[in-house]
Amino acid sequence: EWPPVKSTLPPYTTPYSNPLDSLPLLLRHPPPYPSSEAPQRSKMRSVFSVVSLLLLVAVAWVCVVRQQPADVASPLTMRTASMVGPSCMSRASMATFASSDRAPIRQKLEGRVVGDSMDKSRTVRVERLVRHPKYHKRMRLSKNYIVHDPEETSEVGDLVRIASIRPLSKRKTFELTEVVRKAKK
């Protein structure tokens, strides 16, 4: 039997390939560290990943502990409002917050009555001046509000002040607070 013919070319190359391809892979792309440091770096990476995982678990545990009720014997009891931070509010602290002596924030606008054909309601047009974003000319924009007027004190053309209230119907969320100027007849 004939002995097998051994090629003088490096493995994975052909006689027609690029001469740079005949270099071993490690010579073309050396590792970013010397081969003697490779085990040490992998140990450092594993230690870093373990420490970061422990830190993540500790932070999660602290967050869970802060949200547990103060009285462990009866978990249904609510915490006091002083123990609750701004990010997590219990029902008791929400009730305390809602029943505080603060006045409700009300939107106040001034406009002209343009319709009074409804019972105890008026249509008020509120106009505002807005600068055009490109041409910088001031434009007059308007919006109509359905306003609750239980005494029916206003007429078409009156200048009135309105303020927001809880919704009385689908579109009626403002009430008439005062008539600033009556219309000339």
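1. In this predicted model, R171 is exposed, at a relative accessible area of 53%. The residue sits in the loop that links β4 (159–164) to β5 (172–181).

2. R171 also belongs to a surface patch of positive charge, which it forms together with R128, K143 and K170. Membership of such a patch requires over 30% relative accessible area and no salt bridge; R171, with its 53%, therefore passes the area cut-off.

3. L53 is part of helix α2, which covers residues 38–66. With a relative accessible area of 52%, L53 counts as exposed because the threshold for that class is over 50%.

4. As to the overall architecture, the protein contains three helices and five strands. Read from the N terminus, the order of elements is α-α-α-β-β-β-β-β. The helix that carries L53 is α2, while the loop that carries R171 lies between the strands β4 and β5.

5. On burial and surface, 17% of the 185 residues of the protein count as buried. The accessible surface of the protein is about 15,900 Å², and carbon and sulfur atoms contribute 60% of this area.

6. Regarding contacts within the protein, those with a separation of 6 or more were considered; 42% of them are between residues 24 or more positions apart.

Methods
Residues are numbered from 1 along each chain as its sequence is written. This is a predicted model: local features need pLDDT of at least 70, side-chain atom pairs count only at pLDDT 80 or more; totals for chains, interfaces and linings use all residues. Side-chain values use heavy atoms; hydrogens and water are left out. Patches are made of residues with over 30% relative accessible area and no salt bridge: like charges are joined within 9 Å, nonpolar side chains (Val, Leu, Ile, Met, Phe, Trp, Tyr) within 5 Å. Accessible areas come from the Shrake-Rupley method with a 1.4 Å probe; for residues, only the protein chains shown count as cover. A salt bridge is a side-chain nitrogen of Lys or Arg within 4 Å of a carboxyl oxygen of Asp or Glu. Lys and Arg count as positive and Asp and Glu as negative; His and the chain ends are not counted. The place of a charge is taken as NZ of Lys, CZ of Arg, CG of Asp or CD of Glu. Helices (H or I, at least four residues) and strands (E, at least two) are DSSP runs, numbered from the N terminus. Buried means under 20% relative accessible area, exposed over 50%, partly exposed in between (1.4 Å probe, protein chains only). Contact means heavy atoms within 4.5 Å.
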